[in-house]
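Subject: Structure handover

Hello,

Here is the structure you were waiting for.

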Amino acid sequence: MQKTDAINIEITINSGQVFLWNKIEEQWLGVNGQDVLILRQSPFSLKSSGSIDNFLRKDDDLNKILKNISIDKTVGEAVKQSPGLRLIRQDPFQCYISFICSSNSSIQNIKFMLENLCRKFGTKKEFEVHELHTFPKVETLANATMKELLDCKLGFRAKYVKKAAEAVNSNKINFKDLQKADYQTTIRSLKEILGIGNKVADCIALFSLDKMEAFPIDRWTQRILLKYYKKKFSNITEKPVTEKKYEKLHDEIVEYFGPYAGYSQQFLFKMERDLNKKSWL
DNA sequence: TCATCACCTGGAGA
DNA sequence: ATCTCCAGGTGAT
C-alpha cells in the first residue's frame, strides 16, 4: 500500500512543470537555477550540487490537500491515475523565463530553447559523474544581445526574455516580494512584463511563487473544463478565453475547486494529456 | 470589449 | 520534395 505522500518522480517531472530534465539510467538529472539535481525513485534520493530550498514541497500536507481537492469524480479519477504527482517549487527566475518561452510552443521545443540558453549563458558544472550547464544568471541574460538570444532559437520570444531579465535585474520584479504577496498582486505584477499574459503568469505563480490558487488555463485546461465541467462553468466555450473571461473564470474555478485549485489543475492536466497520448520529456 | 492575425521554430502529416 | 498546420499564448490593430 503506497502512502499518499509518496512522491513519484517520473510522473512529477513529466507533468509539464519542468523542462530541463533528462533520464539517465535510473536517475533523473535536472537543472534548477544554479543547482544541478539528481533524483532517484528507488531507493529514493535527492542529491543537489547546492543548497536546495524544499524543491519537492515536503512541507505540503498531501493527505489534507488530496482530500480537499477530490471534490468530484473527475478530480478523484485524475488523482487515482497519477499517484505521487506533486507540485514542484522551482527556481523562480528559471520558471519565469521557461514559461515566457512556452508561449505557442511545444514541450519539446521549450526544452530545446532552454537547453540552448543554458549552453550559451549558463555555468558548466560537474556533479557526481555528470557535467551540465546551469541556468543563466539574471544579470547574464539581462546583458545578452538580441543576436545571442536569437541564436538560441527563441524567435519572437527573444525580446520578451531580454526585457523580462532586465526587469528582474533592475528589481522591478522581485521574486522574494512576490512569494510573500497575495495572488492578485503577484499576477498583476507579472503581467506588466511583455510576454506574460494570464496563463504564463499563473504558471509562474503556481510553480515557483507558492500560489496554489493559481490555475493556468491553456488549451488543455480549457478542453478539460469543456469536457467535464461544461455545466459548472457555463461561459466556457471552445473559443479562446479572452482577458476578461479569464479572470472571471478563474474566480469561479477557485470557488469550486478550492484553495488548492492549482493542485487539481496539475492532476487534471496530467490525466488529459496522457489520455491523448501526448509526449513528455 | 471583442475578434483577427502575425509571430520564430521544429516536427508531423498530406 | 514542398507545403501546410499545429504546438500548453501574447500583443498589436
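The notes below cover the cores, a helix pair, the aromatic rings and one threonine.

This is a predicted model, in which local features need pLDDT of at least 70 and side-chain atom pairs count only at pLDDT 80 or more, while totals for chains, interfaces and linings use all residues. Residues are numbered from 1 along each chain as its sequence is written, chains are lettered from A and ligands numbered from 1 in the order in which they are written, and side-chain values use heavy atoms, leaving out hydrogens and water.

Cores. A nonpolar core is a set of buried Ala, Val, Leu, Ile, Met, Phe, Trp, Tyr and Cys residues joined through side-chain atoms within 4.5 Å. Buried means under 20% relative accessible area, exposed over 50%, and partly exposed in between (1.4 Å probe, protein chains only). The largest nonpolar core has 84 residues, and Tyr96 and Ile97 touch the most other members. Leaving aside residues up to four places away in sequence, the contacts of Tyr96 include Ala164, Val168, Phe175 and Leu190 (contact means heavy atoms within 4.5 Å). A second, separate core of 11 residues includes Ile9, Ile13, Val18 and Phe55.

Helix pair. Helices are DSSP runs (H or I, at least four residues), numbered from the N terminus. The axes of helix 12 (residues 219–228) and helix 14 (residues 261–275) come within 10 Å and cross at roughly 90 degrees; axes are lines fitted to C-alpha atoms over the stretch in contact, with angles from 0 to 180 degrees between N-to-C directions. That makes helix 12 roughly perpendicular to helix 14 (65 to 115 degrees). Among the residues making the contact are Trp220 and Ile224 of helix 12 and Leu268 and Phe269 of helix 14.

Aromatic rings. The structure holds 16 aromatic pairs. Rings of Phe, Tyr and Trp (its six-membered ring) pair if their centres lie within 6.5 Å; planes under 30 degrees apart count as stacked, over 60 as edge-to-face and the rest as tilted. Phe233 and Phe257 are stacked, with ring centres 6.3 Å apart and planes at 25 degrees. Tyr256 and Phe257 are edge-to-face, at 4.9 Å and 80 degrees. Tyr256 is partly exposed at 23% relative accessible area, whereas Phe257 is buried at 1%. Phe215, Tyr229, Phe233, Tyr256 and Phe257 form one aromatic cluster.

Threonine. Thr12 is found in helix 1 (residues 9–13) and counts as buried at 2% relative accessibility. Its contacts include Gln17, Leu85 and Arg86, not counting residues up to four places away in sequence.

Regards

Methods
Helix = DSSP H or I, 4+ residues; strand = E, 2+ residues; numbered from the N terminus. Parallel < 35°, antiparallel > 145°, perpendicular 65-115°, else oblique.
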